[in-house]
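Biologist: I would like to learn how to read a model such as this one. Please take me through a few features in turn.

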Amino acid sequence: MPQEILNINNLAVEYKNKGSYLQVLENIDLGISKGEILGLVGESGSGKSTLGKTILRLLPDSARIKEGSIRFKGENIFDLSEKKFNKKIRGQEIAMIIQNPQNALNPVFKVGTQIFDVLYFQSSQKKKQKDLKKEAVNILKKVGISDPEYRFDEYPHQFSGGMKQRVMLAMAFISNPSLLIADEPTTALDLTVEAQILNLLSNLVEEYKTSILYISHDLGVVAGLSDRIAVMYAGQIVEVANSQKLFDSPNHPYTEALLKCLPDYQKKDKLQTIPGEVPDLENYPEGCNFQSRCKYSFDRCQKENPNLEKIAPEHFSACFLNMDKEI
Amino acid sequence: MELVKVKNLKKHFVNNDGFLYKIANKGPINVKAVDGINFEINKQDTLAIVGESGCGKTTVARSVLRLVEPTQGKILYKGKSINDFNKNELKEFRSNAQMILQDPKSSLNPRFIVEEIVSEPLYIHHKIEDDSNLLDRVWELLDMVGLSKRYSELFPHELSGGQARRVGIARSLALRPEFLVCDEPTSGLDISIMSAILNLMKELQEKYRLTYLWISHNLHEVKYISNKVVVMYLGKIVEMADTESIFDNPLHPYTEALFSSLRGINDDWTYKNHEIVKGEVPSPIDPPSGCSFHPRCKYSFEKCKKIEPKLENKKEDHLTACHL
């Protein structure tokens with residue numbers, strides 16, 4: 001059994017809304033092992049970004065952790081003080097790259113300076129400026145930016161979207177993090193550039209043995225990248241499995257329906273859709289969240305919410321259909 | 001029978017004003033957004049234009065609707081050049097050819113309710129004889145795109161992304177057009193909603209005999225909806241063929257690279273062992289000499305650097321621009 005570096009246990013997160021609290025994440029159990037790429041997929045509003053932010057404790061003030069714990073290398077991150085968390089974990093042990101590289105770089109500083117700053121604050125022993133600059137140039141070279149000495153002195157607006165995302169990757173990997181949270185890092189990029197970035201990411205993971213939580217809504221991207229996949233629906237994880245297994249034999253009705261929506265699964269016939277819409281946060285249905293849209297739903301689904309249960313080795317699903325199978 | 005024919009279309013954007021350029025006296029900058037393309041769309045067909053951002057696909061779409069005037073070349077609609085239309089002909093053309101805009105939310109007026117949004121084209125084109133029938137027509141249009149009557153009273157901010165997209169489609173259909181330009185109609189939508197919109201578009205096409213010019217960078221979607229695919233790179237067509245033929249057997253190295261990320265999700269294929277094209281799309285201000293793809297192409301040889309390949313028929317109705 002590979003060593004688990006992150007363990008999320010029974011996590012529930014709520015947002016304040018008009019005096020009451022809305023449950024955004026519910027009953028989340030998830031583990032990430034060392035060197036593993038875990039893909040987290042789900043439709044918009046399913047809570048996947050909230051989960052990513054919770055791990056880095058970046059939630060807004062209006063949110064609160066209702067219950068549960070996130071253990072990073074055995075330590076509950078909610079027990080740490082903000083100062084300690086900032087110094088030890090955020091940006092050091094757990095790094096994050098966000099969706100829009102445009103917003104992540106400061107437009108009035110040179111790209112090199114921004115990398116330099118990260119190096120300066122993260123190196124434990126104070127090095128000479130000259131050495132740090134050399135290191136920054138090396139990092140730029142490593143992520144595939146041509147002519148790094150020259151590029152070092154350029155501003156973010158002189159970089160293309162793909163190059164900016166490369167810079168973000170470079171910054172994230174400076175501290176050699178154990179876990180990288182990638183929140184849809186390629187949505188704003190072109191197809192060929194997306195493939196380049198994901199190829200780079202795969203190579204960096206192999207080199208640094210970093211684990212990745214890759215958040216995306218594109219099943220194709222996740223399929224080509226991750227070892228395991230977790231599917232989220234309305235604030236809950238409904239299925240976790242090895243990526244090959246998930247695509248070959250999806251268990252949860254939502255995963256099954258989602259895969260059938262993909263146009264590449266079928267040619268020319270009518271595409272399947274999922275009836276209805278993702279339920280509104282303010283009025284989740286009774287019982288299973290997917291119950292109103294599920295074609296298999298029966299009495300029990302309307303009363304209870306199923307937990308994520310093991311249905312096969314390394315395959316978990318939250319559906320009552322499986323429990324009946326066992327009996 | 002062809003409905004739209006594009007003949008040697010060129011659109012160059014010239015930038016020669018600006019104070020600094022005048023001081024530096026550099027001469028005008030010529031951005032060749034679209035540089036000499038030819039294609040035709042048959043009636044009731046769907047022609048898809050794919051390509052990365054900056055390749056000129058949106059400029060083609062805008063030219064086809066005469067939203068920008070081409071620098072050179074002609075666009076024929078039912079055999080008549082749309083650039084020579086007089087005022088009345090143009091007005092008729094405007095009601096026959098409609099566009100579905102990219103961003104579903106920002107293309108709806110936030111101060112209008114759905115009823116006003118959908119009926120606005122009817123007012124502009126004086127298609128309403130009697131105000132009492134108006135609401136019926138709006139309901140009929142909403143019904144066509146799968147929305148119930150109650151949506152006619154909502155404001156755009158009350159709609160979800162998929163619903164806003166449907167309202168946009170209803171508005172485009174209000175004048176009973178024959179030709180629709182769809183500029184990335186499913187971008188930003190979730191998978192399940194995307195498939196519902198694709199179904200709707202296909203259903204509408206069959207029912208009302210619509211012709212689509214479909215612009216997208218989602219190849220799965222293109223494979224599903226189109227009959228014919230045009231691949232553009234830096235303002236030029238690099239490959240054009242029937243959907244099946246181009247997906248089964250892409251001939252141009254760029255198409256090959258673009259489609260290689262489109263393996264089925266059941267394969268063992270991963271990004272790690274994936275061979276990828278180098279570099280990024282060059283700037284159209286200063287395109288490379290010879291074949292514009294040669295700096296990124298793994299097969300490129302001497303000839304590619306000097307001579308620009310012409311779009312030629314390599315197989316039956318499969319055109320490509322490559323020296324190989």
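Predicted model: local features only at pLDDT ≥ 70, side-chain atom pairs only at ≥ 80, totals over all residues.

Biologist: What radius of gyration would a compact globule of 327 residues have, and what does chain A have?

Modeller: The rule gives a value near 20 Å for that length, and chain A has 21 Å, so the two agree. The C-alpha trace of chain A spans about 70 × 50 × 45 Å along its principal axes. As for burial, 43% of the 327 residues of chain A count as buried.

Biologist: How do I read two helices packed together?

Modeller: Begin with the general idea. An α-helix has 3.6 residues a turn, so residues three or four places apart point the same way. Now the case here: helix α4 (residues 111-122) of chain A packs with helix α7 (residues 161-174) of chain A at an angle of about 10°, and their axes are 10 Å apart. Angles under 35 degrees count as roughly parallel, and α4(A) and α7(A) are therefore roughly parallel to each other.

Biologist: Which residues of α4(A) and α7(A) meet?

Modeller: From α4(A) come A:Val111, A:Ile115, A:Val118, A:Leu119 and A:Gln122; from α7(A) come A:Val167, A:Ala170, A:Met171 and A:Ile174. By class, this contact has eight nonpolar residues, one polar and no charged ones.

Biologist: What covers the buried residues of helix α11 of chain A?

Modeller: First list them: in α11(A), residues 253-261, the buried ones are A:Pro253, A:Tyr254, A:Thr255, A:Ala257, A:Leu258 and A:Cys261. Their cover includes β9 (228-233), β10 (236-242) and α10 (243-248) of chain A, together with α7 (191-208) of chain B.

Biologist: And how do I read a sheet?

Modeller: In chain B, four strands form an open sheet in the order β2-β1-β4-β5, with antiparallel pairing. β2 (29-42) and β5 (80-81) of chain B each have a single partner strand, so one side of each is left without a neighbour in the sheet. Helix α2 (residues 57-64) of chain B packs on this sheet, touching β1 (2-15), β2 and β4 of chain B, and its direction makes about 120° with that of β1(B).

Biologist: How many bridges join β4 and β5 of chain B?

Modeller: Two, in the antiparallel sense; β4(B) covers residues 72-77. Across this pairing, B:Leu76 stands opposite B:Ser81 in β5(B).

Key: Residues numbered from 1 in each chain as written. Chains lettered and ligands numbered in written order. Pairing = 2+ DSSP bridges. Contact = placed C-beta atoms within 7 Å. Axes fitted to C-alpha atoms, helices over the stretch in contact; angles between N-to-C directions. Buried ≥ 20, exposed ≤ 12 C-beta atoms within 10 Å, placed from the backbone. Rg over C-alpha atoms; globule rule 2.2 N^0.38 Å. Parallel < 35°, antiparallel > 145°, perpendicular 65-115°, else oblique. Nonpolar A, V, L, I, M, F, W, Y, C, P; charged D, E, K, R; others polar.
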